[in-house]
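Work through the exercises below with the sequence and the model open. Each task is followed by a stepwise solution.

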Amino acid sequence: MNKVRAGAAEAVADIPDGASLAVGGFGLSGVPEVLIRALYERGTNGLKVVSNNCGVDGRGLGILLSAGRIARVTGSYVGENKEFARQYLGGELEVELTPQGTLAERLRAGGAGIPAFYTPAGVGTQVANGGLPWRYAPDGTVAVASPRKETRDFAGRPYVLEHGITTDFALVRAWRGDHHGNLVLRRAAANFNPLAAMAGRVTVAEVEELVEPGALRPDEIHVPGIYVQRVVALTAGQAADKPIEKRTVRP
């Protein structure tokens with residue numbers, strides 16, 4: 001029942017090249033920075049990442065991306081990473097863009113054992129009809145395009161079939177966690193972390209504060225320990241390292 005690991009390096013040591021990886025975070029909020037850095041230092045390559053976005057230049061998943069360690073991304077927003085755009089348009093990176101709510105539900109469905117579901121999001125667009133560029137060729141032509149998806153009418157309204165997502169591993173970040181892997185998330189940093197935790201077959205959580213079993217009230221737990229296999233306690237410095245993506249102040 002004690003899922004605590006000595007450090008991030010140990011917690012990600014068995015993630016192999018080519019593994020699929022669900023990663024929590026939204027922008028730079030709630031991103032498992034320490035685990036991502038440990039994976040970078042280990043040299044893991046060819047990763048297939050599922051995440052709302054792929055970090056920014058120099059932070060979050062952007063660290064792995066700039067090193068050429070990511071082969072494929074399933075996400076919904078990629079507008080803050082110039083290196084991402086360069087790799088995608090240059091044919092170095094395969095990208096499956098999906099509506100944000102659909103991505104969230106695909107992760108949740110996968111974690112709940114639901115293989116597929118119907119949604120109205122994307123009906124009548126390339127999301128359903130196919131043809132979205134997944135990978136470009138070096139000459140700028142489309143090398144791999146998204147396939148057409150099944151659609152069906154319910155009560156006179158069309159819906160598109162989307163498949164649940166499960167991954168080999170998941171990396172998430174939590175505000176508090178106990179030795180059993182129960183996690184409490186805080187405010188906006190919750191974002192995609194519960195969904196990523198559900199989708200991973202082996203989920204690794206970095207926690208800002210590690211507490212003893214029983215210290216967390218059952219009604220405050222956002223991610224039950226059944227979804228978490230490994231826990232890494234952050235140092236005070238690591239926990240305090242929370243960059244702001246866009247700092248906005250009054251003139």
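**Exercise 1. Find which residues Ala205 touches, leaving out residues up to four places away in sequence.**

Step 1. List the partners. Ala205 touches Leu35, Val172, Leu183, Val228, Arg230, Val231 and Val232.
Step 2. Ala205 is found in strand β12 (residues 200-211). Helices (H or I, at least four residues) and strands (E, at least two) are DSSP runs, numbered from the N terminus.
Step 3. Ala205 has a relative accessible area of 0%, so it is buried. Buried means under 20% relative accessible area (1.4 Å probe, protein chains only).
Step 4. Compare sequence with space. Ala205 and Val23 lie 182 residues apart in sequence and 10 Å apart in space, C-alpha to C-alpha.

A note on the source: this is a predicted model, where local features need pLDDT of at least 70, side-chain atom pairs count only at pLDDT 80 or more, and totals for chains, interfaces and linings use all residues. Residues are numbered from 1 along each chain as its sequence is written, and side-chain values use heavy atoms, with hydrogens and water left out.

**Exercise 2. Describe the largest nonpolar core and name the members that touch the most others.**

Step 1. Define the set. A nonpolar core joins buried Ala, Val, Leu, Ile, Met, Phe, Trp, Tyr and Cys residues through side-chain atoms within 4.5 Å.
Step 2. The largest core has 32 residues, and Ile15 and Leu171 touch the most other members.
Step 3. Assign elements. At least two residues each come from α1 (8-11), β1 (20-23), α2 (33-42), β2 (47-50), α3 (62-66), β3 (70-75), α4 (82-89) and β10. The most, 5 residues, come from α2.
Step 4. Inspect α2. Its buried residues are Glu33, Val34, Leu35, Ile36, Ala38 and Leu39. Gly43 follows α2, with a positive phi near 90°.
Step 5. Inspect Leu171. Leaving out residues up to four places away in sequence, its contacts include Val12, Ile15, Leu21, Val23, Leu35 and Val204.
Step 6. Look for another core. A second, separate one has 21 residues, among them Ala104, Leu185, Ala197 and Ala199.

**Exercise 3. Characterise the largest pocket and the second largest pocket.**

Step 1. On a 1 Å grid over the protein atoms alone, a pocket is an open set of points where a 1.4 Å probe fits, with protein on both sides within 12 Å along at least five of seven lines; lining residues have an atom within 4 Å of a point.
Step 2. Take the largest pocket. Its volume is about 340 Å³. Of its 17 lining residues, Ser29, Gly30, Ala189, Glu208 and Lys242 are the closest to its centre. Strand β10 (residues 167-178) gives the largest share of the lining, 3 residues.
Step 3. Take the second largest pocket. It holds about 170 Å³. Its lining includes Glu96, Arg106, Trp134 and His163. Strand β9 (residues 157-163) gives the most, with 3 residues.

Note on methods:
Points joined across faces, edges and corners; volume = space filled by probe spheres on them. Buried < 20%, exposed > 50% of the residue type's maximum accessible area, 1.4 Å probe, protein only. Contact = heavy atoms within 4.5 Å.
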